[in-house]
2 protein chains.
Amino acid sequence: MSDRLRGKDWLSFGLKTLGEEGFTALKADRMARALNVSRGSFYWHFKNLRHFHEALLDHWKTTTTDIIIDDIDTRSDTALRTLIGEAFNADRKLERAIRAWATETEWVGERVASLDKRRITFIEKLLEAQGIAQNAIPVRATVLYWAYLGGALVQHTRLPDGQLDALVDMMLGK
Amino acid sequence: MSDRLRGKDWLSFGLKTLGEEGFTALKADRMARALNVSRGSFYWHFKNLRHFHEALLDHWKTTTTDIIIDDIDTRSDTALRTLIGEAFNADRKLERAIRAWATETEWVGERVASLDKRRITFIEKLLEAQGIAQNAIPVRATVLYWAYLGGALVQHTRLPDGQLDALVDMMLGK
DNA sequence: CCTGCTCCATACATAACTGTATGGTTGTAT
DNA sequence: ATACAACCATACAGTTATGTATGGAGCAGG
């Protein structure tokens, strides 16, 4: 087993760092020390910090959103309930760290914004499949997504299980 | 008129900077250059960066939340609708910047968390005054607040006016 | 008018980074 | 075995920041 690093090792560690210490910890210097290597390794795998950051964001996008969206069957009866359940119960510290990053760094904000659109469109599809009236879909999808994001910011407060169902019922007009 | 600065001038400029450039711009060096003074001024008014940051957060808390909460009559029929209307239509870039800061910096997170509690409790009071069933109050207040926060993160998307009413109606069970 | 308080500039020491250049080490395919 | 590619350490130059020390400038009241 070699203890030498490859690009993806840096990316994994970057994601871990991002979740635990925030984007301000995504420095070559700091990470190299934490990994017990020199920055020489970093600059071999990545041209500069910016390139690393972009690769990291891509890594995050594919290992979270892409996989989830591809996996859920839009037409399933329980799709929305499943998504909401997982989204609201998952550990959202990475989501939180990314939003903070997006707020401070313009190009990150742009990438995240386009992701937001994709996610909301997906929720709209789910609501549509549940037979919600066309004119009510955009607001509910948006509010639902906003609540998800807001909840990610306030990580200490969690909705009790039953109450999450109540929320979905409300959104489904039941 | 003297062009010399006092503590509150630094705080005002700090809040402006925070909203426009984020917490990473809250550096003595950078701000002093922007204000065309030397850091000597900064370090005369504030012991160090941390003291400035704490004063800034207090400044923000009193000039936003405190004033709003104190001004709204809990018993008024339209209190909730007024609050929601203002909250969702206001320019939330400061709110956004503060959350990003709170995510990255522990002591800021703690202060913001206690503020969150105060705000949610306030919303609960409003819902209670509207006669919402006791067991439904905590979830609705929380979801409503989460949606507000989430919306602050996704600043480019805004709910059309009418739809905001629909949201409130939904929360009021109408 | 001069004493003291408020406010600021300048200079210094230190820290935490970035990015480059160069050379060395380790692994692997032939 | 050797050659080449992948990986890493070290040293250097540069940047952006913090905080302190010290010496002023400007305005107030006695």
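Start by selecting Asn36(B): it counts as exposed, because 7 C-beta neighbours lie inside 10 Å. The classes rest on C-beta atoms placed from the backbone: a residue with 20 or more others within 10 Å of its own is buried, one with 12 or fewer is exposed, and one in between is partly exposed.

The model is predicted, so local features need pLDDT of at least 70 and side-chain atom pairs count only at pLDDT 80 or more, while totals for chains, interfaces and linings use all residues. Residues are numbered from 1 along each chain as its sequence is written, and chains are lettered from A and ligands numbered from 1 in the order in which they are written.

Stay on Asn36(B) and look at the backbone. Its phi is positive, about 60°, although Asn36(B) is not a glycine. Most residues other than glycine have a negative phi. Asn36(B) lies in the loop between α2 (28-34) and α3 of chain B; helices are DSSP runs of H or I with at least four residues, strands are runs of E with at least two, and both are numbered from the N terminus.

Next, select Asn36(A). This residue, also not a glycine, has a positive phi of about 60° and is found in the loop between α2 and α3 of chain A. With 7 C-beta neighbours inside 10 Å, Asn36(A) counts as exposed.

Now show DNA strand C. The largest share, four residues, belongs to α3(B). Colour this surface by class to find six nonpolar, six polar and seven charged residues. Here Ala, Val, Leu, Ile, Met, Phe, Trp, Tyr, Cys and Pro count as nonpolar, Asp, Glu, Lys and Arg as charged, and the others, Gly among them, as polar.

Finally, select the contact between the chains. Chain A gives 29 residues and chain B gives 29 residues, with contact meaning C-beta atoms, placed from the backbone, within 7 Å. On the side of chain A that touches chain B, α6 (93-104), α7 (106-129), α8 (137-153) and α9 (161-172) each supply at least two residues. The largest share of that side, 11 residues, comes from α8(A).

Conventions: Contact = placed C-beta atoms within 7 Å.
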